[in-house]
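Hello,

Here is the structure I promised to pass on. Please take a look, then read my notes below.

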Amino acid sequence: MPGKLTDTAVRTAKPKPKPYKLADGHGLYLEVAPSGGKWWRLKYRLAGKEKRLSLGVYPAVSLKEARARAAVAKEQLARGLDPSAERRAAKIEAAAAVNTFEHVARDWFARQKDGWTPRHAVTVLRRLEGHVFPVLGSRPIAELGAPDFLAVLRRVEASGHIETARRVAQICGQVTRYARLFGIVQADAASGLSEVLTTRQARHFATITEPGEVGTLLRAIDDYQGEPSTCHALRILPYVFVRSSELRCAVWDELDLDAAMWVIPAERMKMRRQHVVPLARQVVALFQSMRQFSGGGRLVFPGLASRTRPLSDVGLLNALRRMGYARGEMTVHGFRSLASTLLNGQGYPPDWIEAQLAHAERNSVRDAYNRAQYLPERRKMMQEWADYLDSLREQTGKG
């Protein structure tokens, strides 16, 4: 498309106090701003209305390129299309191609994973890659509706993984909510899908809560002949009711036996926050006993195969089975349920018990307050709990 302008005229155009135009013809012109900036624009009429289309900035867009872009716009006009509308549609399409569900989900994951445990991060990514990305990953997230997500979840349910389907629903809901907050979608289409999934009876870890049977269990643990790490861990676990991994992976630097305090760092906790465990005198004695078997290493409970790797959860579970406690009767995690059930039954305030179990309070401000406020109360409760367990053990022995 021939025009009036030359490369030299465009290059040497100087700014003036007010914006001005250099016409090339056929509606194409160069607008020169007082700041010195130069914009290519196309003036055209559609349905009797005058419009303008930006074609780029000089020198990034040369005179030759500006004419080529103007020619494309003229062709669109000849077909009855609005070049401005076509450009907007192209931008939306390009954004959709970038904002696929997988792209947005991975961006969400990258921003969140540092706040999770490594194990949880692996689980979340595996669920996305295994269940969602193969079906919805390449589709623009803005095009997805609740039925699309529900179809994926029904497939997971059909494979028999009811709880996994609920977890995947939660993940998808978090991704679409993230997309909404960043303006990528108008609504989080995957929110609330858990409500229409198959419900499943809550999973309860097998445990013993009848006081007499608890005493029998404690005596069985005392009588168990096994590797020192296993024996000591099992003897400590009923007193502290932390999670198995929190106990098995303990290091000596976390323990202050003189102050009868165990501080578990946030990175080792499920809820990613530091947890303080007051230690009863019985627990302090057990830790002191274990020190002679730990080989002077960093780990409190080193494994049998390697002193640099912690005792395995399977080792504790196998010990319970060798004592005669079947799968549906007692589990390692069951010690937490045992403590919670009996302490609640004895009338201890639920907030103390929940704080000691390291359960998250829904109100984060109240949660932080309670964890500090209840430490003296928890110290008293933990010593009374330890004395109670000893009394159950002794009563069983006399029987």
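Glutamate 102 and arginine 106 join their side chains in a salt bridge, at 2.9 Å from N to O. Keep in mind that this is a predicted model. Both residues sit in helix α4 (residues 101–112), four residues apart, so about one helical turn separates them. Glutamate 102 is partly exposed, at 26% relative accessibility. Arginine 106 is partly exposed too, at 35%.

Another salt bridge links arginine 393 to aspartate 222, with the closest N and O atoms 2.6 Å apart. Arginine 393 belongs to helix α16 (residues 375–398) and aspartate 222 to helix α8 (residues 211–223), so this pair ties together parts 171 residues apart in sequence. Arginine 393 counts as buried, at 14% relative accessibility. Aspartate 222 is partly exposed, at 28%.

Salt bridges with shared partners also connect Arg45, Glu50 and Arg52 in one network. Within it, glutamate 50 and arginine 52 meet at 2.9 Å, N to O. The whole structure holds 20 salt bridges.

Now the helix packing. Helix α9 (residues 228–240) packs against helix α12 (residues 313–322) at an angle of about 75°, and their axes are 10 Å apart. So α9 is roughly perpendicular to α12. Thr230, Ala233 and Leu234 make the contact from α9, and Gly315, Leu316 and Ala319 from α12. Four of the contact residues are nonpolar, two are polar and none is charged.

Last, the annotation. An unreviewed UniProt entry lists residues 99–180 as "domain: Core-binding (CB)". That span is 77% helix and 0% strand, and its end C-alpha atoms lie 12 Å apart.

Best wishes

Notes. Residues are numbered from 1 along each chain as its sequence is written. This is a predicted model: local features need pLDDT of at least 70, side-chain atom pairs count only at pLDDT 80 or more; totals for chains, interfaces and linings use all residues. Side-chain values use heavy atoms; hydrogens and water are left out. UniProt positions are given in the numbering used here, feature names are shortened, and annotations may be inferred rather than shown by experiment. Helices (H or I, at least four residues) and strands (E, at least two) are DSSP runs, numbered from the N terminus. Axes are lines fitted to C-alpha atoms, for helices over the stretch in contact, and angles run from 0 to 180 degrees between N-to-C directions. Angles under 35 degrees count as roughly parallel, over 145 as roughly antiparallel, 65 to 115 as roughly perpendicular and the rest as oblique. Contact means heavy atoms within 4.5 Å. Ala, Val, Leu, Ile, Met, Phe, Trp, Tyr, Cys and Pro count as nonpolar, Asp, Glu, Lys and Arg as charged, and the others, Gly among them, as polar. A salt bridge is a side-chain nitrogen of Lys or Arg within 4 Å of a carboxyl oxygen of Asp or Glu. Buried means under 20% relative accessible area, exposed over 50%, partly exposed in between (1.4 Å probe, protein chains only).
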